[in-house]
Amino acid sequence: MIPRVVVLDYGSGNLRSAERALARVGAEVTVTADPAAALECDGLVVPGVGAFAACMAGLRGISGEKIIADRVARGRPVLGICVGMQILFAAGVEFGLRTEGCGVFPGTVERLDAPVLPHMGWNTVAAPAGSALFAGIPAGTRFYFVHSYALRMSDAGPLRDAGALLTIAEHGEPFAAAVESGVVSATQFHPEKSGDAGATVLANWLATL
């Protein structure tokens, strides 16, 4: 059966590139802000680019945080991408301003301590044993990142304690490149811009739906 996926349209993110990438790996994809479609699909993708606060404002504008919470409560899969991953955390801090996130994951997204920001380009990741997203992907594979903020691994204790699987990358310091926790998965990198490796991550996610 072809998995039905909704890419949530709340005014942020590479909607069409995410749509194309998911369709290429076998999903039936709709880009919409319609709550009923977002709740009932097999998998919901939450993209995001730009500032944490702006993304949360857009998300709240369509009650997207409630849609995400409802899906999690019902055990329905969600995939966050880039800032769409970040807003799943409890909060984000940018330019000294703290913004409440969706609170699906514990932790606060903060600016990386790195000599050059944004972290832009290809980087390797270290996936944990048992990862569904990275199944069949060799160590040393590179993924495409564009960001200055992330969950720093020094702040990842509560997320680990909650039983999440954390994939780690490093730019100035270690940070969470991906999270798998129950029905919620998220990547800080852009799978839709990461070539064959990103396509495998998306296909692996579809296989869990």
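Predicted model: local features only at pLDDT ≥ 70, side-chain atom pairs only at ≥ 80, totals over all residues.
Local features need pLDDT of at least 70, side-chain atom pairs count only at pLDDT 80 or more, and totals for chains, interfaces and linings use all residues. Residues are numbered from 1 along each chain as its sequence is written, and side-chain values use heavy atoms, with hydrogens and water left out.

View 1. Four strands, in the order β6-β5-β7-β10, form an open sheet with mixed pairing. Strands are DSSP runs of E with at least two residues, helices are runs of H or I with at least four, and both are numbered from the N terminus; two strands pair if DSSP finds at least two bridges between them. At the edges, β6 (97-100) and β10 (149-150) each pair on one side only. Strand β5 (residues 89-94) is antiparallel to β6, with 4 bridges; Ala91 has Glu100 of β6 as its bridge partner. Helix α3 (residues 52-61) packs on the sheet and touches β5, β6 and β7 (105-111), contact meaning heavy atoms within 4.5 Å. The directions of α3 and β6 make about 30°, taken between N-to-C directions on a scale from 0 to 180 degrees, with axes fitted to C-alpha atoms, for helices over the stretch in contact.

**View 2. His171 in strand β11.** His171 belongs to β11 (residues 165-171). His171 counts as buried because its relative accessibility is 18%, the limit being under 20% (1.4 Å probe, protein chains only). A polar side-chain atom of His171 lies 2.7 Å from the backbone oxygen of Val116. Beyond four places in sequence, His171 touches residues including Leu112, Asp113 and His119.

View 3. Ser148 sits in the loop between β9 (142-147) and β10. With 16% relative accessibility, Ser148 is buried. Its contacts, leaving aside neighbours within four places in sequence, are Glu110, Arg111, Leu112, Leu117 and Pro118.

Methods:
Buried < 20%, exposed > 50% of the residue type's maximum accessible area, 1.4 Å probe, protein only. Polar contact = N/O pair within 3.5 Å; in protein donor to acceptor, adjacent residues only side chain to side chain.
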